[in-house]
Amino acid sequence: MIRFDHIVKRFGRRTVLNDLSFEINKGEIFVIVGPSGTGKSVTLKHMARLLQPNSGTIWLDNESLSDAKGAQLEKMRERFGYLFQGGALLGWMTVAENVALPLLEKTELPKDEIARRVQEALEMVGLEDAVDKMPAEISGGMQKRAGLARAIVRKPEIVLYDEPTSGLDPVTSRTIDRLIQQLNHEVGVTSVVVTHDMQGALSIGHRLAMLYEGSFVEVGTPKEFMVSKVPIVQQFLAAQYIGKNFLQEGGVK
Amino acid sequence: MITREPLHIPDDATWKQRVLLGMQWGIADVGRAVTMGGGALANITVLRRTRGRNEFFRQLYVAGIDSLPVITVVALFIGMILALQLGIELHRYNQEARIGSAVMVSMLREMGPFITGLIMAACVGSAMAAQLGTMTVNDEIAALETMSIDPLRFLMTPRLVAIAVMAPILSFYTCMIGMLGGGIVGMTQVNVPWPQYLSNALEFAEVKDLYVGLLKAFLFGLVIGIVACYEGFTTTQGAVGVGQATRRSVITSFLLILIIGYFVTRIFYF
């Protein structure tokens with residue numbers, strides 16, 4: 001569905017993505033993990049064409065996403081939902097107005113249908129009581145959940161999650177993880193998740209990829225990840241106290 | 001993408017290469033800013049929609065009402081200073097009765113649009129650049145792009161049109177308040193009665209002075225809006241970047257106001 005073909009991205013002299021090639025299949029949850037500053041968010045931003053690679057091509061269903069322009073790019077972007085690290089809500093709009101924005105601007109749906117879908121999205125993320133609150137009046141975690149409601153309100157085919165659980169308490173983190181799984185199981189949403197949270201990654205991901213120094217040093221299922229011999233993967237698992245029996249014990253409940 | 005990635009000068013670049021690179025970026029900046037301004041104006045039909053119209057009126061309020069107190073005080077004192085200086089000089093030739101026309105012409109042709117432009121660049125343009133800059137570094141602009149909502153149409157068009165419409169209105173208001181200030185000094189310091197001051201002003205002022213002044217103010221408004229939005233959208237590097245974008249927006253607007261003011265005067269009066 002999404003294919004990175006020898007992507008190179010440089011910021012000045014620093015090469016962030018170094019000849020990165022991989023493919024994400026339709027309907028899977030693909031989790032990108034890795035240390036801070038290795039280019040996980042940069043990878044995600046390329047998928048939404050918020051960044052342009054220095055070389056290489058990004059494909060979305062055999063159409064070049066990295067070369068798309070104007071109406072074609074707009075159409076391709078409409079297939080995505082994007083959850084930003086901080087939620088990226090517009091500060092002068094209420095939570096409900098923020099969530100309704102993509103529907104108001106990009107669809108011709110009647111007002112009552114928009115209100116229904118906004119309510120539905122907010123209920124999914126547990127924010128039905130915060131509809132009239134301004135972003136500044138709610139916590140960082142709630143802002144992130146509101147951002148998630150906005151990302152899914154148009155029922156996109158692909159949702160990109162940039163650190164969906166960072167800064168959240170463990171209970172809310174697991175709620176978000178379950179929501180990602182629920183969207184995948186019930187609606188078949190293809191999900192790309194960037195995270196540091198290995199427990200969540202192993203529990204929800206169909207495939208995981210470890211990004212290190214600009215390229216993937218390990219790509220595999222959670223089981224393959226658990227027995228990986230790659231030192232950085234082992235360090236990552238050990239640092240989060242994830243033992244060998246983590247998956248057998250049922251992962252994160 | 002409307003936002004910009006940070007620009008880098010290679011560490012091993014010679015000073016000649018650095019100067020050339022700086023010039024290249026400067027020219028690219030002008031091109032991008034003009035394209036952005038054109039793109040925003042091309043989307044003017046967005047103001048026919050309820051959301052666009054509401055945002056336009058909100059921006060009119062921000063640009064107009066919020067800067068009114070500063071403009072009132074500055075215009076009043078500029079008019080008073082002009083009348084006082086001219087009164088002292090003209091008194092030596094027994095021509096103090098002519099301060100009305102001198103203040104009127106100065107305000108309409110130059111001081112009105114010029115003061116309005118500078119105050120709007122400092123109050124409205126800086127706030128606009130800071131707001132859009134903060135939105136950029138907080139990924140709000142990127143979020144709009146991922147929703148396929150054009151930031152130019154959604155954010156820039158209402159702001160640009162509002163400031164371009166409000167600038168001539170405020171310029172006219174500045175002229176009137178400046179005239180009032182001149183009249184107060186005329187009556188109290190230079191012994192020119194109000195009716196005489198006013199009739200002298202109206203006798204010498206031309207319609208051309210009015211429309212050229214309003215045209216200048218309109219152009220200043222456009223330039224302030226384009227510069228502020230461009231700087232906001234191209235902000236990089238967090239809070240420091242927002243501060244830099246705001247400063248650049250004010251400085252660039254000030255310089256362009258002076259340059260455009262000169263050329264408009266040159267075209268219409270020479």
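Visitor: Which way does α3(A) pass α5(A), left-handed or right-handed?
Guide: The crossing of α3(A) past α5(A) is right-handed, meaning the near helix is turned clockwise from the far one by less than a right angle. Helices here are DSSP runs of H or I with at least four residues, strands are E runs of at least two, and both are numbered from the N terminus. Bear in mind that this is a predicted model, where local features need pLDDT of at least 70, side-chain atom pairs count only at pLDDT 80 or more, and totals for chains, interfaces and linings use all residues. Residues count from 1 along each chain as its sequence is written, and chains are lettered from A and ligands numbered from 1 in the order in which they are written.
Visitor: Which residues make that contact?
Guide: From α3(A), Val95(A), Asn98(A), Val99(A), Leu101(A) and Pro102(A); from α5(A), Ala146(A), Ala149(A) and Arg150(A). Contact means C-beta atoms, placed from the backbone, within 7 Å.
Visitor: What's the split by class?
Guide: There are 6 nonpolar, 1 polar and 1 charged residues (nonpolar is Ala, Val, Leu, Ile, Met, Phe, Trp, Tyr, Cys and Pro; charged is Asp, Glu, Lys and Arg; the others, Gly among them, are polar).
Visitor: Switching topic: how is chain A divided into domains?
Guide: Domain 1 takes 1-10 + 18-40 + 157-253 and domain 2 takes 89-156, with bounds from an automatic or database domain assignment. Their C-alpha centres lie 26 Å apart.
Visitor: And how many residues are in contact?
Guide: 11 residues of domain 1 of chain A touch 11 of domain 2. On the domain 1 side, α6(A) gives the most, with 5 residues.

Key: Contact = placed C-beta atoms within 7 Å.
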